[in-house]
Amino acid sequence: MDQLLAMRVFLRVAERGSFGQAADELEISRPAASSHVAALEKHLGARLLNRTTRRVSLTAEGSEFLRRTRRILEELHD
């Protein structure tokens, strides 16, 4: 698993509230976006997102991980 890519996908899904929008913006398939987030959740041993057919929302663990992910990706960008 490319952990940085998975974190970027997670960040975009969390910001957009949609796997479809995130996938379109990142120019990857929707199943690939879902797979990246699922692999990240498995690696962390925690569910980051609540998924329904209509929306995606953060879990408590997801909110904390989103905060850390933003910081890490910003530091890498700098």
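How many salt bridges does the structure hold? The structure holds seven salt bridges, a salt bridge being a side-chain nitrogen of Lys or Arg within 4 Å of a carboxyl oxygen of Asp or Glu. The model is predicted, so local features need pLDDT of at least 70 and side-chain atom pairs count only at pLDDT 80 or more, while totals for chains, interfaces and linings use all residues. Residues are numbered from 1 along each chain as its sequence is written, and side-chain values use heavy atoms, with hydrogens and water left out.

**View 1. Salt bridge between R70 and E15.** The closest N and O atoms of R70 and E15 are 3.8 Å apart. R70 belongs to helix α4 and E15 to helix α1, so the pair ties together parts that are 55 residues apart in sequence. Helices here are DSSP runs (H or I, at least four residues), numbered from the N terminus. R70 has 35% relative accessibility and therefore counts as partly exposed. E15, with a relative accessible area of 36%, is also partly exposed. Buried means under 20% relative accessible area, exposed means over 50%, and partly exposed lies in between (1.4 Å probe, protein chains only).

**View 2. Salt bridge between E64 and R67.** In this pair the closest N and O atoms are 2.5 Å apart. Both residues lie in helix α4, three residues apart, which is about one turn of the helix. E64 is partly exposed at 34% relative accessibility, and R67 is partly exposed at 47%. Elsewhere, salt bridges that share partners join R12, R16 and E25 into one network.

**View 3. Salt bridge between R30 and D24.** The side chains of R30 and D24 meet in a salt bridge with an N to O distance of 3.5 Å. Side chains of opposite charge can pair when their charged atoms come close.

**View 4. Surroundings of E41.** E41 lies in helix α3 (residues 30-44). At 11% relative accessibility, E41 counts as buried. A polar atom of the E41 side chain lies 2.8 Å from the backbone nitrogen of L48. The E41 side chain also reaches the backbone nitrogen of L49, at 3.2 Å. A polar contact is a pair of N or O atoms within 3.5 Å; within protein, one must be able to donate a hydrogen and the other to accept it, and residues adjacent in sequence count only if both atoms are side-chain atoms. Leaving aside neighbours within four places in sequence, E41 is in contact (heavy atoms within 4.5 Å) with A46, R47, L48, L49 and R51.

**View 5. S18 in the loop between α1 and α2.** S18 lies between α1 (3-16) and α2 (19-26). A polar atom of the S18 side chain lies 3.0 Å from the backbone nitrogen of Q21. S18 touches V13 and V56, not counting residues up to four places away in sequence.

**View 6. Aromatic pair of F10 and F65.** The count comes to one aromatic pair. Its members, F10 and F65, are tilted, at 5.5 Å centre to centre with 55° between the planes. F10 lies in helix α1 and F65 in helix α4, so the pair ties together parts that are 55 residues apart in sequence. Rings of Phe, Tyr and Trp (its six-membered ring) pair if their centres lie within 6.5 Å; planes under 30 degrees apart count as stacked, over 60 as edge-to-face and the rest as tilted. Both F10 and F65 are buried.

Notes: Helices (H or I, at least four residues) and strands (E, at least two) are DSSP runs, numbered from the N terminus.
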